[in-house]
Amino acid sequence: MNVSLNWISAGELEALKLVGKKVIRGGIAVFYHEDQVYAVDNRCPHLGFPLHMGSLCDGILTCHWHHARFDVCSGGTLDPWADDVPSYEVRVNGGEVWVNPVSRRVEGAEKYKIRLKEGLEQNIGIVIAKAVVGLIEAGVPEQDIARIGIEFGTTYGAGWNAGLTILTAMAQIVDKLDKNGKILALYQGLVHVARGSSGRGARHLLSALPSTDVPFERLTEWYRNCIEVRDTQGAEKVLLTAIMKGIDTKRLSEMMLAAATDHFYLDGGHVFDFHNKAFEALEWADVVQKERILTSLVPMMANPTRSEELHQWQAPVNLVEPIKQAIIELEHNAKPADGSRQQTALSVEMEQQLLQQLLSDTPEQTITLLRDLLISGTAPAQLAQIVALAAAERIVRFHTQNDFRDWIAVLHTFTYAHAVHERLLQSDEPHLQRAIFHGAVSVYLDRFLNVPTAARPKPSSSATPTDHREMLDLLDLRQQVGPAAQWVVDYIHGGGDPGALLNTLGHALLREDAEFHTFQMYEASVAEYNHWQAVKGSFAEKAKETMLLACTRYLAAHAPTARELPHTAKIAWRLHKGERLFEEE
């Protein structure tokens with residue numbers, strides 16, 4: 001019997017019979033069992049524990065660490081959380097055992113996609129991690145991987161949720177991260193989708209109306225009326241009818257966001273933010289996912305908190321009526337139907353004035369200024385961008401003497417304002433301009449969280465930091481908000497690479513067991529930084545610094561954590577690369 005030169009000798013058969021098992025070159029475990037010789041990878045595919053230290057009985061190889069069980073012949077697992085173990089062809093030639101080091105198991109992108117779906121369905125983090133690593137290493141585009149999670153999350157569960165928002169946010173910023181960061185970003189997003197949707201029943205869609213002959217304007221009216229009375233079933237049928245009618249995504253988003261802004265700052269900004277993330281996902285999701293993505297937004301409209309009904313929006317200063325009056329005046333001065341009025345850009349001086357007004361204690365004047373600027377033709381997206389900048393400034397000036405939970409209050413305003421900015425970059429729908437006022441008032445209501453005001457760090461005389469490990473080391477300790485912000489300022493003013501810093505901040509997020517809002521913070525900061533990147537001048541430079549400082553301070557306030565999730569991803573990657581995790585040296 002001829003054996004290829006590439007095969008590995010496992011020694012004499014008689015010697016193997018005496019010991020029952022041995023590990024040979026290449027990390028392959030060879031077993032003599034029931035008068036047969038078998039060979040499998042010695043690393044348990046669950047978490048890498050040496051299988052030669054396990055038990056083999058009745059053809060079942062059991063790992064002693066977590067009791068994963070494998071058919072020793074094929075390598076197939078009886079426990080879906082463990083994965084199959086690679087098995088190898090064995091031959092006996094002249095009393096000597098030989099093993100083919102090329103596994104009989106064929107790995108490929110399609111297999112990893114199947115495993116990813118199984119990991120999502122069963123909510124098993126290690127399975128999701130291994131699938132993501134395999135898909136990235138196979139060259140599958142990141143957004144193709146994210147699509148699998150979007151499909152799963154919008155099929156199962158009650159509708160669009162925090163997990164889908166995290167996944168979309170991470171898919172939006174993967175280009176800022178190195179390979180390790182990309183793996184962690186997708187893995188974290190997919191794990192949160194699994195947690196939010198797995199084990200839940202499929203969400204069954206209603207049917208569209210029998211006829212799509214209804215004009216879109218009438219469908220829009222119906223949709224808003226249904227949302228007004230919290231009739232989500234009627235709203236879903238109208239929405240599906242509009243989709244069946246072939247209405248493009250831009251107009252569908254305007255219809256839905258008009259309903260989402262008919263009331264003020266719904267659910268602390270989450271409603272608008274979730275809508276924005278769903279529309280961003282639609283930009284790269286499969287066309288067939290459109291119905292499920294859009295209808296997944298409708299359930300959250302059943303009973304959201306309407307901020308105009310809250311005490312702080314009405315007393316001691318009534319902020320509701322001035323906004324309503326400003327909107328009426330805007331409607332009276334609407335752009336001509338032929339679109340002849342041109343949008344104008346704010347001067348740098350006006351941007352500075354608006355920023356200071358947004359941060360002031362005179363909200364009525366803020367509302368008036370925004371109204372006048374919109375009537376004069378100022379681009380709504382630019383106003384929204386300044387509101388987002390003011391919201392980020394609140395985070396930069398947030399004092400750590402505040403209640404820790406109040407970090408989320410300033411975070412909500414910022415991510416809401418960012419979502420409004422993103423939508424207004426895509427749409428000139430007048431109804432969406434109402435959201436600018438809602439964000440501006442939220443910035444005002446957050447003013448007490450800047451009392452006392454945290455000092456904005458200035459460049460120090462210290463040597464310019466160059467080792468990004470220093471930043472990560474700072475965030476190994478609790479409450480390093482000030483030192484971390486100082487490091488960033490010194491790095492920026494010392495000529496440090498912003499791209500490298502964004503990657504480091506991404507790792508500072510993704511190495512943690514971060515909660516939902518921290519993912520929002522990083523993605524919104526990166527997106528707003530990118531928008532300011534296209535603008536020249538000192539005001540834009542300071543705005544970019546504000547985004548980096550806001551992100552850094554928030555990350556530092558919420559670190560460190562137990563870091564269980566990223567540890568699982570690290571194990572998955574090491575297993576994929578063939579590393580030995582537990583064998584003795």
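Student: Which residue is the bridge partner of Ile24 in S3?

Tutor: The model is predicted, so local features need pLDDT of at least 70 and side-chain atom pairs count only at pLDDT 80 or more, while totals for chains, interfaces and linings use all residues. Residues are numbered from 1 along each chain as its sequence is written, and side-chain values use heavy atoms, with hydrogens and water left out. Strands here are DSSP runs of E with at least two residues, and helices are runs of H or I with at least four, numbered from the N terminus. In S3, the bridge partner of Ile24 is Ile28.

Student: How many bridges join S2 to strand S3?

Tutor: Two strands pair if DSSP finds at least two bridges between them. Strand S3 covers residues 28-33, and S2 and S3 run antiparallel. The number of bridges joining them is four.

Student: Which strands are the edge strands of the open sheet?

Tutor: The open sheet has four strands in the order S2-S3-S4-S8, with antiparallel pairing. Each edge strand pairs on one side only, and the two are strand S2 (21-24) and strand S8 (87-88).

Student: Is Asn276 buried or exposed?

Tutor: Asn276 has its place in helix H10, residues 270-282. Buried means under 20% relative accessible area, exposed over 50%, and partly exposed in between, with a 1.4 Å probe and protein chains only. Because its relative accessibility is 0%, Asn276 counts as buried.

Student: Which side chain does a polar contact of 2.7 Å join to that of Asn276?

Tutor: Leaving aside neighbours within four places in sequence, Asn276 is in contact (heavy atoms within 4.5 Å) with Ala419, Glu422 and Arg423. A polar contact is a pair of N or O atoms within 3.5 Å; within protein, one must be able to donate a hydrogen and the other to accept it, and residues adjacent in sequence count only if both atoms are side-chain atoms. The side chain joined to Asn276 by the polar contact of 2.7 Å is that of Arg423.

Student: What is the relative accessible area of Ile328?

Tutor: Ile328 is found in helix H12, residues 320-332. Ile328 counts as partly exposed because its relative accessible area is 36%.

Student: What percentage of the residues of the chain count as buried?

Tutor: The chain contains 23 helices and 10 strands. Of its 585 residues, the share that count as buried is 56%.
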